[in-house]
Amino acid sequence: MGKGLPLESAAANIGNKTRRISKESKVNIILFIFLMVLIFISLIIGKYYISPIQVLNSIVSKILREDLNMPEEIYTVIFNIRLPRIFAGLLIGAGLGTAGAAYQGMFKNPMVSPDILGASSGAAFGAALGILYSFSIFGIQIMSFLFGITAVVITYMISEKICKHGDSTLILILSGMLISTLFSSLVSLIKYVADPYSKLPDITFWLMGSLSSINKSDLYIIALPILSGIILIMLVRWKLNIMAFGEEEAMAMGVETKNLRIVVIAASTIIISSSVSVSGLIGWVGLIIPHFARILVGSNYKYLIPTSILAGSSYLILVDNIARNIASTEIPIGILTSIIGAPFFLYLMVNIKRGWV
Amino acid sequence: MILELKNISSGYKGSEVIKNINLKVESGEALCILGANGVGKTTLFKTILGFIKPKSGEILLDGQSIYNMQRKEIAKLIGYVPQAHVPPFPYVVKDVVLMGRCPYIGNFSSPSHKDEELVDNLLSKLNIYNMKEKYYTEISGGERQLVLIARALAQEPKILILDEPTSNLDFGNQIRVLEHIRNLVTYSNIGLIMTTHHPNHVFLCGTKVALMEKGEIFKSGDPSKIMTEKNLKEIYGVNTHFVNEENIKGFLPVI
């Protein structure tokens, strides 16, 4: 009783805080170096082997605009084939990791992946429809992007209609499941009516997910939307911590939860729709990367988002290297991310020490 | 700072849960709200905090309606301590308390070094500085409740709203948490509203009490006048015996 308010006890501890590089920053620096090395290795390996020296020479000559007498095909392979593909992997991996981490916080649920509101199935439906009607590649991408966004808009409108105030997270997730299922069924319907000799294989391969067909112009198309989505989430990332404690608590701490939610959903939807539009369905990345990042730097979104970006892009580039080198023909990356993702997630569930299990 | 509720009626679709609520809390006062389960205490809090809009009536902070204020501005004046629960992710205690700085942090920013110092001070004030680096998900219920109080105090509020701060706590922790709450009122000149299921807690930290029945304030005022066997019988429907000796005050159930 009557202990008063002892302020002195910890005052000493507060005083001697020195500014050093935090553990989290160190992790991110290491991840960044790893990513750079990975990009370099990815330029070397492949069906057409290019030595490390040749890779360095061609990059230097490109930057300095000097002719170092390199064979023309090396330039073509590096700058027109491998580099666009690597950058696409980087962007998509970073985007999926970011969107996944943001959704898990916002929906207070570690089992949420960024396609929970129907973006992926909507985008898949758009693409399947585009293939069915023999649209151009660009037309298919546009269809995919538009339907990805449409699906999420419908999901959001349903939940707004049902839940006028209060905690609408659950309704939002349920509406998302509903719309996802609906669009998946529509994809099945399209597959059923598609010509089994020409269209059906196209749709099926497209849905498996692959980075193999990505070229420079695809990269230009997706770079802006994915980057703006990532930047938006980076900007509001600290506030996502508060959302993880629930909508009402966040409101009591002065967060305009509705605005924040719209920003995050819009950013994630743009990321997912753009990714799916060029690469098809690449599953599991958005689910496991945030967990992996959480093991490295903890739950604070201030560090979690940058780490998810670096880990996501590294992971996708790594798996893409496996996809294009492991067998004589390329394996769709979507299949690989699922094959690797499922046991990796099991490993996480068994070994995670704290929190949600 | 004065928080005033004028003729508040509020509830959900169609149904009115609370009716004609008139309450007033000033800095340095601690108002305890008692009432049976389902009487509308939670609805009352949700209304004060702006989670649900009242059907009629006004909520005034120093005479200004909170519905003309931005959420951020309200959060700088009213802090909310929810019942302790576990978030889905293992946050470190200091990060949880830092979240309370939210109303002072720009839309696209993170807490600064200054915010961290303020949090350090709050943690030592509540005697939980040694918890700073621990995981919020791994500390005890009583400690968690103190962390949430620290988080609300990080908002530097003038009014603090606590939703059954002692539920789920063991006997010792209940009393310790209430002591901290009483210290806040006395030393930090904060106005406080809390709900509790223990009438005796009113004597530990309340300067005012309001008894709720059927969504309305049944009686309110000075605890020494309001806290009677007859009134408790009225709101809880049980017989109690009032013990009033030096340093001991409380109700015991009649066996």
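**Notebook: two chains, looked up piece by piece**

I began with a helix pair in chain A, where α12(A) and α13(A) make a right-handed crossing. For handedness I used this rule: a crossing is left-handed if the near helix is turned anticlockwise from the far one by less than a right angle, and right-handed if clockwise.

A note on what I am looking at: this is a predicted model, in which local features need pLDDT of at least 70 and side-chain atom pairs count only at pLDDT 80 or more, while totals for chains, interfaces and linings use all residues. Residues are numbered from 1 along each chain as its sequence is written, and chains are lettered from A and ligands numbered from 1 in the order in which they are written.

**Entry: α12 and α13 of chain A**

I looked up the geometry next: the axes of α12(A) (residues 285-297) and α13(A) (residues 301-325) come within 8 Å and cross at roughly 125 degrees. That makes α12(A) oblique to α13(A). My axes are lines fitted to C-alpha atoms, for helices over the stretch in contact, with angles from 0 to 180 degrees between N-to-C directions. Angles under 35 degrees count as roughly parallel, over 145 as roughly antiparallel, 65 to 115 as roughly perpendicular and the rest as oblique.

Who meets whom? On the α12(A) side I find, among them, Ile289(A), Phe292(A) and Leu296(A), and on the α13(A) side, among them, Leu304(A), Ala311(A) and Tyr315(A). Contact here has C-beta atoms, placed from the backbone, within 7 Å. By class, I have twelve nonpolar, three polar and one charged residues in this contact. Ala, Val, Leu, Ile, Met, Phe, Trp, Tyr, Cys and Pro count as nonpolar, Asp, Glu, Lys and Arg as charged, and the others, Gly among them, as polar.

**Entry: α6 and α7 of chain A**

I then turned to α6(A) (residues 137-162) and α7(A) (residues 169-193), whose axes come within 9 Å and cross at roughly 140 degrees. That makes α6(A) oblique to α7(A). The crossing of these helices is right-handed. Residues of the contact include Ile154(A) and Ile158(A) from α6(A), and Leu172(A) and Phe183(A) from α7(A). The classes come to eight nonpolar, four polar and no charged residues.

**Entry: chain totals**

I see 14 helices and zero strands in chain A, whereas chain B has nine helices and twelve strands. Helices (H or I, at least four residues) and strands (E, at least two) are DSSP runs, numbered from the N terminus. The C-alpha atoms of chain A fill a box of roughly 80 × 55 × 40 Å along the principal axes, and those of chain B one of roughly 55 × 40 × 35 Å.

**Entry: a sheet in chain B**

I picked out an open sheet of four strands, ordered β2-β1-β4-β5 (chain B), with antiparallel pairing. β2 (16-26) and β5 (64-65) of chain B stand at the edges with a single partner strand each, so one side of each has no neighbour in the sheet. β1(B) (residues 2-11) pairs with β2(B) over seven bridges; DSSP must find at least two bridges for strands to pair. Glu4(B) stands opposite Lys24(B) of β2(B).

**Entry: where the chains meet**

How many residues of chain B are in contact with chain A? I get 37, against 35 residues of chain A. α2 (71-77), α4 (113-125) and α6 (171-188) of chain B each give two or more residues to this side. α4(B) gives the most, with six residues. This side of chain B divides into 20 nonpolar, nine polar and eight charged residues.

Key. Two residues are in contact if their C-beta atoms, placed from the backbone, lie within 7 Å.
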